[in-house]
Amino acid sequence: MATLSWDELDDRAVDTARVLAADAVEKVGNGHPGTAMSLAPLAYLLFQKVMRRDPRDNDWIGRDRFILSAGHSSLTQYIQLFYGGYGLELKDLQELRTWGSLTPGHPEYGHTPGVEITTGPLGQGLSSAVGFAYAQRFERGLFDPDAAPGTSPFDHFIYAIASDGDIEEGITSEASSLAGHQRLGKLIVFYDSNQISIEDDTDIAISEDVQARYEAYGWQVQVVDFLRTGVYVEDKQGLFDAIEAAKATTDKPSLIIVKTIIGWPSPKKQNTGKIHGSALGAEELAAVKEVLGFDPAKSFAVDPEVLAHTRKAVDRGAEAHAAWQEDFDAWAAAHPERKALFDRLQTGALPDGVEAALPSFPAGTELSTRAASGKVLGALGPVVPELWGGSADLAESNNTTIEGAASFIPTEHQTHEWSGNPYGRTLHFGIREHAMGAILSGIVLHGKTRPYGGTFLIFSDYMRPAVRLAALMKVPTIYVWTHDSVALGEDGPTHQPVEQLTALRAIPQLDVVRPADANETAYAWLNILSRRGGPAGLALSRQNLPVFERGDGAASGDTLASAKHVARGAYVLAEADNGTPDAIIMSSGSEVQIALEARDRLKKDGIHARVVSVPCQEWFAEQPAEYRDSVLPAAVKARVSVEAGIALSWAPFLGDAGRSVSIEHFGASADYTTLYQKFGMTTEHTVAAVKESIAAVTA
């Protein structure tokens, strides 16, 4: 059992952290000082005494991961990053929550050195921490499955700090249930149970037994109560012992409930909502400094001896890194093939032969794009071992199972239908879409594997907060959203997406990909896997779609363009028969076939129409202006969009004379052919829209 070394300098560093937190919020005039003050001992213990981290290498794969789910208390983390020599200095604390600073209001991934994840909306951090723990176990299985527990260079811990608000959020219940079910023994979460939120005492909103709840989830739960003696005593040894017990528990995630007084030792504002989310005020700040033995006239005062003491974390980190490197080098020498896989993943490159492995779907057949996606996954599975994922209880509908892949599950949770092991590739999220989104982000943030998760497009609404954060962080999560329009049919308007495509396209840095046929689906997957700049969602059909007869290159005459052009986001699928379009019909997904039929009908009326397939508006926006102009020439002002949803996202492409064939209302319960007819998703309606647009141009 490890022992805790703690001296007077450590106490001074903790008290200095409290004062720095109060000073920083006071200077900017807003923020959250209370939790950072009362959690200073825990944060200091973790960063200085417990976690294996190297402040000079924030990308070291052997590091313990840290997630501050209570992101509003950003100073809890920022001060420790300053102390530990991660790249923050005193001026950064002085610039808290100001333009261009390294210390924004909530921690932001990719912005502040040492920050693992963007946490703002409560519950997201803890739920993504579950994803970190998923990834730790999967990556260990990918690279070093046979090592004894605790002996692999891929063994490390995931630590997270959560607040009352995190515990209250519904996403946390979903993710915590999965963590217990998966027996994620490397996950250790601290619940700061100060029972204060913005509306003050949380008794007004929550009265459940959180300890019993987490024990029911299958977690190890310990309580460290700073008030257990009747006098407030910050029990560092008790915390340390609880952490050691959690580390020794390998078959359960751990929750350590830390009962604190928010804002301690503020004489008048501790244990109130006032100190949760606002500055102390000059008088109370001075009183805190007097209680702790600091000069009230000085701000941001850090004893050089204290900083020198905390900056020893740099040397300790270097030593830990060097010791780990020896183990890593020994593993690499013993497992050259796995080391080659590791090296490839670190670069983000796909293996050779991925495009050659893609299935080719024969023209003249019909196949839903969800089924095509499943066949693509089956073909890529043996070639891309880092590809893994599953569904929110819709595997057979989403077609998200890699054929022959074992489930990622403790062996005791195998079922008759699903066999697996702790290192399997098939994920089962249950009916927990929101947690699925956050867990996928955690997996990607942890390492370089490529996870995906599936559900119906309509239920992307349940995932949206996690999807938005993934886009904000630019992490390459993959979402498989099937049943992508009213064409799912008889389930009716509750299950029929109408506004979802447009709503998702409104999220910056999210790629929404809706392929038109099976071969577009294959190349959509290839392009998504080739990119690592942000998340992507595939919107796939339930109903069968024709597989188009295509050429090998660009569209010409009546020969359709190759599906390889999907990577451009939009491309000329069918050229005007005379080479000079009178009008352009733009479409995505299942409605592209309608656009092609309309082109043929218009030809009989002497109207020459170009059909542009637009599988991804975001990819198209990235293309050079010359290419975009070649696909949608400015001179052709007669334009029509065809998509079974609201038309809002097509407006930038249409111009004043453009028309949309769309659905601007909720759906209904009926077979999809009836719905398309009733709602105007028809060739006839498209032809009429083209003629209206031409008339508007010439009017």
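Let's start at Thr365, which sits in the loop between α15 (354-357) and β8 (366-367). Keep in mind that this is a predicted model. With a relative accessibility of 33%, Thr365 counts as partly exposed. Leaving aside residues up to four places away in sequence, Thr365 touches Leu545, Pro546 and Val547. There is also Ala518 to look at: it is 153 residues away along the chain, yet its C-alpha atom and that of Thr365 are separated by 9.8 Å.

**Helices that meet**

Now turn to helix α18 (residues 433-446), which has helix α8 (residues 170-182) as one partner: their axes come within 8 Å and cross at roughly 70 degrees. Angles from 65 to 115 degrees count as roughly perpendicular, and α8 and α18 are therefore roughly perpendicular to each other. The crossing of α8 past α18 is right-handed. On the α8 side, the residues involved are Ile171, Glu174, Ala175 and Leu178, and they meet Glu433, His434, Ala435, Ala438 and Ile439 in α18.

Helix α19 (residues 460-473) is another partner of α18, with axes that come within 6 Å and cross at roughly 20 degrees. That makes α18 roughly parallel to α19. From α18, the contact uses Glu433, His434, Met436, Gly437, Ala438, Ser441 and Leu445, while α19 brings in Tyr462, Met463, Pro465, Ala466, Ala470 and Met473.

Follow the chain out of α8 and you get to Arg183, in the loop between α8 and β3 (187-192). Arg183 is partly exposed, at 31% relative accessible area. Lys474 has its place in the loop between α19 and β14 (478-482). Although Lys474 is not a glycine, its phi is positive too, at about 60 degrees. Lys474 has a relative accessible area of 46%, so it is partly exposed.

One more loop deserves a look, the one between β7 (254-259) and α11 (282-292), where Pro265 is found. The peptide bond leading from Trp264 into Pro265 is cis, and its omega is near 10 degrees.

**Aromatic rings**

How many aromatic pairs does the structure hold? There are 33 of them. Take Phe47 and Phe66, whose rings form an edge-to-face pair, 5.0 Å centre to centre with 70 degrees between the planes. Phe47 belongs to helix α3 (residues 40-50) and Phe66 to strand β1 (residues 65-68), so this pair ties together parts that are 19 residues apart in sequence. Phe47 is buried at 7% relative accessibility, and Phe66 is buried at 2%.

Phe328 and Trp331 make another pair, and this one is tilted, because the ring centres are 5.2 Å apart and the planes are at 40 degrees. These two are three residues apart in helix α13 (residues 312-334), so about one helical turn separates them.

| Charged residue | Ring | Distance to ring centre |
|---|---|---|
| Lys186 | Phe157 | 4.5 Å |
| Arg568 | Tyr627 | 3.8 Å |

Note on methods. Residues are numbered from 1 along each chain as its sequence is written. This is a predicted model: local features need pLDDT of at least 70, side-chain atom pairs count only at pLDDT 80 or more; totals for chains, interfaces and linings use all residues. Side-chain values use heavy atoms; hydrogens and water are left out. Rings of Phe, Tyr and Trp (its six-membered ring) pair if their centres lie within 6.5 Å; planes under 30 degrees apart count as stacked, over 60 as edge-to-face and the rest as tilted. Helices (H or I, at least four residues) and strands (E, at least two) are DSSP runs, numbered from the N terminus. Buried means under 20% relative accessible area, exposed over 50%, partly exposed in between (1.4 Å probe, protein chains only). A charge sits over a ring if NZ of Lys or CZ of Arg is within 6 Å of the ring centre and within 35 degrees of the ring normal. Axes are lines fitted to C-alpha atoms, for helices over the stretch in contact, and angles run from 0 to 180 degrees between N-to-C directions. Angles under 35 degrees count as roughly parallel, over 145 as roughly antiparallel, 65 to 115 as roughly perpendicular and the rest as oblique. A crossing is left-handed if the near helix is turned anticlockwise from the far one by less than a right angle, and right-handed if clockwise. Contact means heavy atoms within 4.5 Å.
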